Amino acid sequence: MGKQSPANVTINDVASHAGVGKGTVSRVLNGGGNVSAATRSRVEAAIADLGYAPSYAAQSLARGRLATVVVVVPFVTHPSAVTRVQGIIEGLRPSGTPVSILDVETPEHARGQFLMLLGSLRPEGVIVVSLTPDGDVRRRLLEADFPVVWIDAKVQGHVSLFIDNAEGGRLAADHLLSLGHEAIAFIGDDEAHSGFGFTSAAERLRGVTSALAERGLELRNCLTGPHSKDVARELAVQLLTGRDRPTGIVTTSDTQAVGVLAAARELGIDVPGELSVVGFDDVEIAESAGLTTIRQPIAESGRRAAQLITSLAGGDKPSRRHVALPLQLVVRRSTGAAPTAPVQQPATTTG
């Protein structure tokens, strides 16, 4: 009998050639654990010898399952979401697993997408970013026959990657306090009207106010609005032209911090001589803007979620269900010592 054409090679052929079970081949293909180095090498050699390439379309039809990892993410064009999705794609690349992105803009849209995933054609796995759907959907996802990994949310019963947002707020405030700032304000997201149940901004604010309270201080001011650089600029203008002008501002994202820097330039306020600004995330724009920020491992969280989902899809059990990711203060040129002279109020601009 002649050599099989690569197009006709199946995963069973690879398993037989390597002398292992089909599940072991699947774990190797998906980057899963519980495979010894010697066995992995044998399977990879069999794949190369036979020229095997998994047909995701064929797998989908045969198993009644969409052979792709689906990423459900709100506001996918936001810088942090883009960075996280890039990390997921990088993490899935070694296994060759396709990625489908579902961008959701409203809570109703999100629920509809989750219900679709729970329908007749189910995915290989689902990665959910920054969302916590209602109890019924969470329960059904927990009972689903595909793995789910959550990023930026701690969901009971599920595998979750998250950060301590309150600790991040505390790091930002402690940095400003160490520089002598006492007049500290906060610009954040208006989460109450988003409908998604986001809490990260509120938790970061709680960390800031807690750090201030320990020094016997109160937050100078707190303004919130939609997540936007331009909105943050407008809010910062209000703060910086008001009676209780702060010397330091903490924001819930680098995007908003860049808006604050724009307001300071517009008003002729020196940064960091008269005003210090701290962002959150450490996305690409932070370094070019010279922004002091709280770095969270956004891309790494995507890569780790991808590794987890492929491992779970291969039949592995998670070693831990909840993984707290580290935070780090990154100091750049947007923060400095608090001004010693009384702060002068800038002239209000128009137009």
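The following paragraphs describe a predicted model of a protein chain, from its overall make-up to its largest pocket. Because the model is predicted, local features require a pLDDT of at least 70 and side-chain atom pairs count only at pLDDT 80 or more, whereas totals for chains, interfaces and linings use all residues. Residues are numbered from 1 along each chain as its sequence is written, and side-chain values use heavy atoms, with hydrogens and water left out.

The chain has a mean pLDDT (the predictor's confidence in each residue, from 0 to 100) of 86, and 88% of its residues reach 70 or more. Over residues 344-351 the pLDDT falls below 50, although this stretch has 15 contacts (heavy atoms within 4.5 Å) beyond near neighbours in sequence. Where pLDDT is low, the predicted coordinates should not be read in detail.

The protein chain contains 13 helices and 12 strands; these are DSSP runs numbered from the N terminus, with helices (H or I) of at least four residues and strands (E) of at least two. Of its 351 residues, 47% count as buried, that is, under 20% relative accessible area with a 1.4 Å probe and protein chains only, where exposed means over 50% and partly exposed lies in between. Among contacts between residues at least 6 apart in sequence, 72% join residues at least 24 apart. Arg27, in helix H2 (residues 22-30), is 283 residues from Thr310 in sequence but 8.0 Å from it in space, C-alpha to C-alpha. Arg27 counts as buried because its relative accessible area is 19%.

Strand E6 (residues 184-189) is mostly covered, with six of its six residues buried. Strands pair if DSSP finds at least two bridges between them. E6 pairs in the parallel sense with strand E8 (residues 248-251) over four bridges, and five bridges join E6 to strand E7 (residues 221-225), also in parallel. Ala185 has Ile249 as its bridge partner in E8 and Asn221 in E7.

The largest pocket has a volume of about 900 Å³. Of the 43 residues that line this pocket, Ser130, Asp189, Glu191, Phe198 and Ser200 are the closest to its centre. Strand E1 (65-74) and helices H5 (79-92), H8 (165-178) and H9 (200-214) are the elements that give two or more residues to the lining, and H9 provides the largest share, five residues. A pocket is an open set of points on a 1 Å grid over the protein atoms alone, where a 1.4 Å probe fits, with protein on both sides within 12 Å along at least five of seven lines; lining residues have an atom within 4 Å of a point. Grid points are joined across faces, edges and corners, and the volume is the space filled by probe spheres set on them. The lining divides into 16 nonpolar, 16 polar and 11 charged residues, with Ala, Val, Leu, Ile, Met, Phe, Trp, Tyr, Cys and Pro counted as nonpolar, Asp, Glu, Lys and Arg as charged, and the others, Gly among them, as polar.
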